[in-house]
Amino acid sequence: MRFSSTPRGARLARRLAGQRFNAWGIPYDYDPHHTLTLIVAELAPDRSARKAAWRMIRREEGLDDDV
């Protein structure tokens, strides 16, 4: 899944992670569930922003965008 580096992207990542954790047996009302979903919400859009920056740098250098 790809998420934009926006508040909406963070919200969608957090929601998907919460659903997956619940499916894996980590219930919604469990403290580690809340912690893990917050971590995912922070990391997913950051990764997206880093990847976009990397692509921009590669294009400026005239390199192929196979990454």
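**Reading two helices**

Me: Leu36 sits in helix α2, which covers residues 31–60. How many helices and strands are there in the protein?

Reply: Bear in mind that this is a predicted model. The protein has two helices and zero strands, and buried residues account for 18% of its 67 residues. The accessible surface comes to about 5,300 Å², with 55% of that belonging to carbon and sulfur atoms.

Me: What span does helix α1 reach from its first C-alpha to its last?

Reply: Helix α1, residues 7–23, has 17 residues and reaches 24 Å between its first and last C-alpha atoms, which is close to the 24 Å expected at 1.5 Å a residue. Just after α1, Gly25 adopts a positive phi of about 100°.

Me: Which residues of α1 are buried, and where do they fall when seen down the axis?

Reply: The general idea is that an α-helix has 3.6 residues a turn, so residues three or four places apart point the same way. In α1 the buried residues are Gly9, Ala10, Ala13, Ala17, Gly18 and Phe21. Seen down the axis of α1, these buried residues fall within an arc of 165°, so they line one face of the helix. The face turned away from that buried side carries the exposed residues Arg8, Arg15 and Ala23.

Me: Is Thr37 buried or exposed, and which residues is Thr37 in contact with, leaving aside neighbours within four places in sequence?

Reply: Burial is judged by relative accessible area, with under 20% counting as buried. Thr37, which belongs to helix α2, counts as buried because its relative accessibility is 7%. Leaving aside neighbours within four places in sequence, Thr37 is in contact with Arg14, Ala17, Gly18 and Phe21, and among these Ala17, Gly18 and Phe21 are buried residues of α1.

Me: What separates the C-alpha atoms of Arg11 and Val40?

Reply: Arg11 is in helix α1 and, because its relative accessible area is 44%, is partly exposed. Although Arg11 and Val40 are 29 residues apart along the chain, their C-alpha atoms are separated by 9.7 Å. For the protein as a whole, among contacts with a separation of 6 or more, 32% join residues 24 or more positions apart.

Me: Which residues make the nonpolar surface patch?

Reply: A residue needs over 30% relative accessible area to be part of a patch. Leu36, at 32% relative accessibility, counts as partly exposed, and together with Ile39 and Leu43 makes a nonpolar surface patch of about 250 Å².

Conventions:
Residues numbered from 1 in each chain as written. Predicted model: local features only at pLDDT ≥ 70, side-chain atom pairs only at ≥ 80, totals over all residues. Heavy atoms only, no water. Patch = residues over 30% accessible without salt bridge, like charges linked within 9 Å, V, L, I, M, F, W, Y side chains within 5 Å. Areas by Shrake-Rupley, 256 points an atom, 1.4 Å probe, with all protein chains shown as cover. Salt bridge = Lys/Arg side-chain N within 4 Å of Asp/Glu carboxyl O. Helix = DSSP H or I, 4+ residues; strand = E, 2+ residues; numbered from the N terminus. Buried < 20%, exposed > 50% of the residue type's maximum accessible area, 1.4 Å probe, protein only. Expected span 1.5 Å × (residues − 1). Arc of directions from axis to C-beta. Contact = heavy atoms within 4.5 Å.
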